[in-house]
Every structure is written in structure tokens, then in C-alpha cells.
Amino acid sequence: MKNNKTQSAGGGIGQAGIAIIGLRGIPAKYGGTETFVEELTSRLKDAFQFYVMQENSGFFEDEYSGIIRVHSPAIESKTTSIPSINDFLNTAYMPAKHENDIEVMYFLGPDSSVAAILARLAEKKILINPDGVEWKRLIKRSYFVPFCLFPLYLATMIYMYLMEYLSCKLPDGVVADSLGIKDHLKKDCLHFIRCEGGNAIKAGDVNVGL
């Protein structure tokens with residue numbers, strides 16, 4: 001990913017803006033996704049202006065270690081949230097609020113794919129990190145659920161399969177954070193970006209133009 005800087009009113013002098021969707025927020029308190037985002041943004045914040053989704057009870061913005069946190073309402077409990085709806089809200093809000101500042105929208109998880117449709121309509125460049133093969137995990141778990149819950153599991157499996165398919169067709173680049181994920185998605189995805197340990201994001205098979 002090369003660093004062609006552009007003018008950005010909200011992101012400092014000349015920093016290209018990247019919005020990150022699909023997490024509960026930073027600093028990391030919930031899991032690996034949040035830790036990944038905190039590491040990524042802290043290492044690359046001198047090159048890019050990041051706008052990070054932050055689940056909350058209302059719309060406002062603040063700053064954390066040089067990263068702009070974009071707070072928006074979320075459907076959640078203390079331990080769970082509904083990613084597709086929360087991601088959709090954030091994807092609708094961020095380009096409207098920072099239309100000229102955000103160039104790339106980076107979605108974490110296949111269930112963000114529906115929200116990525118809004119980013120495509122807003123003519124933003126799109127990266128999606130499918131993260132895992134969620135529908136196959138649900139197949140394995142379905143053997144151990146009560147029969148009365150199987151229709152719900154089946155509907156969720158179909159939904160996650162469709163989200164995975166969209167995550168290969170919508171973006172300008174797919175971020176595969178392991179060789180196993182890349183091999184699984186290879187038949188459907190045309191362009192990949194490699195993630196390599198301590199090197200954060202390194203351009204691989206696609207150049208997203210930054």
C-alpha cells in the first residue's frame with residue numbers, strides 16, 4: 001500500500017483517510033479484532049488518518065492516540081452486538097460526515113458486506129477482511145443444537161455464506177490474514193492484500209491506490 005497523500009480537511013494536512021468498520025471500538029477490550037485495529041492504526045497513523053467505528057449510545061466523535069473515533073448508536077448487550085446493523089449505521093454515517101476526507105472503507109468480517117454496498121454507492125474504495133469461514137463453523141455447531149433451533153442455525157448459515165460471497169465480489173481488495181483463508185476464498189476472490197505479522201498491511205496482489 002503506497003502512501004500517496006491527499007488533502008483531507010478532517011484528517012490533518014495531506015493524510016489520506018481510512019474508515020474502519022466492524023469492531024466494537026478501541027482501546028481493545030473485547031477481543032482480537034479490536035486488538036488488531038489498535039495495532040494497525042497505532043503503527044500507521046503517521047501515514048494515514050484513521051476513522052474508527054465506536055459502538056455507543058449516540059452520534060459524536062472524539063480522539064484516541066491520534067485516531068478519530070466515530071461513535072454511533074449500537075444494538076448490543078454487555079457481551080454481544082448485532083454487527084450487520086451496527087456496521088450499516090456506521091457506513092451510512094461516516095461518508096456523510098466526512099465525505100471528502102475518507103477515501104477507503106475497510107470492513108472487518110463478512111457480515112459487514114451488506115454495509116459495504118453503501119460504501120460502493122458512495123464511490124469509496126473498499127477493503128474487506130473476511131476473517132474466518134463463519135458458515136462452516138455453524139455447520140459443525142449445528143450437530144449439537146436442539147432440533148427446534150436448527151431452522152435458526154440454517155438461516156444464519158445461509159446468510160453468512162451469502163455475506164462471504166459478497167465479501168469477494170464487492171471490494172477492491174480482500175485482506176486475507178492467513179494462507180488458509182486465502183486458499184478457501186481463492187475460487188471467488190480476484191484480488192488479495194497480504195497481512196504479514198509485524199509489517200501491518202503490505203501490498204500484495206492488488207494496489208488500492210493509497
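Predicted model: local features only at pLDDT ≥ 70, side-chain atom pairs only at ≥ 80, totals over all residues.
Residues are numbered from 1 along each chain as its sequence is written, and side-chain values use heavy atoms, with hydrogens and water left out. Local features need pLDDT of at least 70 and side-chain atom pairs count only at pLDDT 80 or more, while totals for chains, interfaces and linings use all residues.

Serine 72 lies in strand S4, residues 67-73 (helices, H or I of at least four residues, and strands, E of at least two, are DSSP runs numbered from the N terminus). Serine 72 is buried, at 0% relative accessibility (buried means under 20% relative accessible area, exposed over 50%, partly exposed in between, with a 1.4 Å probe and protein chains only). Leaving aside residues up to four places away in sequence, serine 72 touches Gln54, Glu55, Asn56, Ser57, Gly58, Phe59 and Asn90 (contact means heavy atoms within 4.5 Å).

Glutamate 55 also forms a salt bridge with arginine 24, at 3.4 Å from N to O (a side-chain nitrogen of Lys or Arg within 4 Å of a carboxyl oxygen of Asp or Glu). Glutamate 55 is in strand S2 (48-56) and arginine 24 in the loop between strand S1 (16-21) and helix H1 (32-44), so the bridge ties together parts 31 residues apart in sequence. Glutamate 55 is buried at 10%, and arginine 24 is buried at 11%.

The structure holds four salt bridges. One of them joins arginine 43 and glutamate 39 at 3.0 Å, N to O; both residues lie in helix H1, four residues apart, about one turn of the helix. Arginine 43 is partly exposed at 46%, as is glutamate 39 at 38%.
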